[in-house]
Amino acid sequence: RTQDGIMPESFPKVHENKYSKTYKFMDINYTTATYDEQEDILQRYCKFLNSFDCCFKITINNKNKDMQDLRRYILLPYLNDGFDDFRKIYNDIIEEKIKEGRQGIEQEKYLTISVERKTFEEAKAQFATIEVNVRKAFNELGTDIQPLSGNERLRILHDFYNLGKEDEFDFDMHFTINDKEFY
C-alpha cells in the first residue's frame, strides 16, 4: 500500500484511521519578483494554506549535498595540456568558497498532509482529490510538487538521523512487505 506514499500516521496504530502523504516541492521564485508580484504570490500562498480542511505540515530540511558529486560537477578536470596550473588555481578557489559558504547544504521542502478516514481506500480517494487542488495551487505559484513513495519518505528520515551516512540507506519496502520472515 505504501507504493502510493500513503502511510498510516503512526506505528503501531495509535491513530488507526489517520493516514498521511508527503510531497516534495520546489522553491517559489519569490526574491526575483517585483514587489507587486511578491504581494500576489504571498496572497495566493495564504489563500492556498487557508483552503486546507485537513492537517498539514511544511518541513524544511537542510541536507548535506553529496560533496563528491558536487566536486565532479563544478571542479575542472585536469587534462595534462599545459593549463592544469590554471585549473588548479580555479579549483582551489572553488574549494575555498565551498568551505566558506553553504554550498554543501541543500534545502529540501516538504508538504505532509494527514487525513482521517475509516479505510486505506477512502484515504487514497481523499488524497487524490487533495492532490489535484494542491498541484493546481503550486502551479499557480510557479512551482510543482512531487508525491513521495513510502521508501522515499523513509530515506528522508534515515538521512536526517544519520548525517554523514546518507549513502548507507539500504531498505526496500516492497521487498520487506513480501518477506515472510519480516512478520
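# Briefing on a predicted protein chain

Asn80 sits in the loop that runs between helix H2 (67–74) and helix H3. The model described here is a predicted one. Its protein chain contains six helices and five strands. Read from the N terminus, these elements follow the order β-β-α-β-α-α-β-α-β-α-α.

- Asn80 is not a glycine, yet its phi is positive, at about 50°.
- Most residues other than glycine have a negative phi.
- With a relative accessible area of 73%, Asn80 is exposed, because the cut-off for that class is over 50%.

**The chain as a whole**

- The protein chain has 183 residues, and buried residues make up 31% of them.
- Taking the contacts between residues at least 6 apart in sequence, 67% join residues at least 24 apart.
- The accessible surface of the chain is about 12,900 Å², and 53% of this surface belongs to carbon and sulfur atoms.

**Strand S2 and its partners**

- Strand S2 covers residues 18–25, and seven of its eight residues are buried, so the strand is largely enclosed by the rest of the structure.
- S2 pairs with strand S4 (residues 105–116) in the antiparallel sense, over eight bridges.
- Within that pairing, Tyr19 has Val115 in S4 as its bridge partner.
- S2 also pairs with strand S5 (residues 145–147), again in the antiparallel sense, over three bridges.
- In S5, Pro147 is the residue that stands opposite Tyr23.

**The largest nonpolar core**

- The largest nonpolar core has 18 residues, and those touching the most other members are Phe52, Leu111, Ile113, Phe127 and Val134.
- At least two residues of this core come from each of S2, S4 and helix H4 (120–140).
- Helix H4 gives the most to the core, with seven residues.

**A nonpolar patch on the surface**

- Phe83, Phe86, Ile89 and Ile93 form a nonpolar patch on the surface.
- Together these four residues have about 450 Å² of accessible area.
- One of them, Ile89, is placed in helix H3 (residues 84–100).

**Salt bridge between Lys21 and Glu131**

- The structure holds nine salt bridges.
- In one of them the side chains of Glu131 and Lys21 meet, at 3.2 Å from N to O.
- Glu131 belongs to helix H4 and Lys21 to strand S2, so the pair ties together parts that are 110 residues apart in sequence.
- Glu131 counts as buried because its relative accessibility is 16%, and the class takes in values under 20%.
- Lys21 counts as buried as well, at 9% relative accessibility.
- Lys21 and Glu131 are also part of a network of salt bridges that links them with Arg135 and Asp144.

**Salt bridges within helices**

- In helix H1 (residues 35–50), the side chains of Arg44 and Asp40 meet in a salt bridge, at 2.8 Å from N to O.
- Arg44 and Asp40 are four residues apart in this helix, so about one helical turn separates them.
- Arg44 counts as partly exposed at 28% relative accessibility, and Asp40 counts as partly exposed at 34%.
- Lys88 forms a salt bridge with Asp92, and the closest N and O atoms are 2.9 Å apart.
- Both Lys88 and Asp92 lie in helix H3, four residues apart, or about one turn of the helix.
- Lys88 has a relative accessibility of 42% and counts as partly exposed.
- Asp92 has a relative accessibility of 41% and also counts as partly exposed.

Technical notes: Residues are numbered from 1 along each chain as its sequence is written. This is a predicted model: local features need pLDDT of at least 70, side-chain atom pairs count only at pLDDT 80 or more; totals for chains, interfaces and linings use all residues. Side-chain values use heavy atoms; hydrogens and water are left out. Buried means under 20% relative accessible area, exposed over 50%, partly exposed in between (1.4 Å probe, protein chains only). Two strands pair if DSSP finds at least two bridges between them. A nonpolar core is a set of buried Ala, Val, Leu, Ile, Met, Phe, Trp, Tyr and Cys residues joined through side-chain atoms within 4.5 Å. Patches are made of residues with over 30% relative accessible area and no salt bridge: like charges are joined within 9 Å, nonpolar side chains (Val, Leu, Ile, Met, Phe, Trp, Tyr) within 5 Å. Accessible areas come from the Shrake-Rupley method with a 1.4 Å probe; for residues, only the protein chains shown count as cover. Contact means heavy atoms within 4.5 Å.
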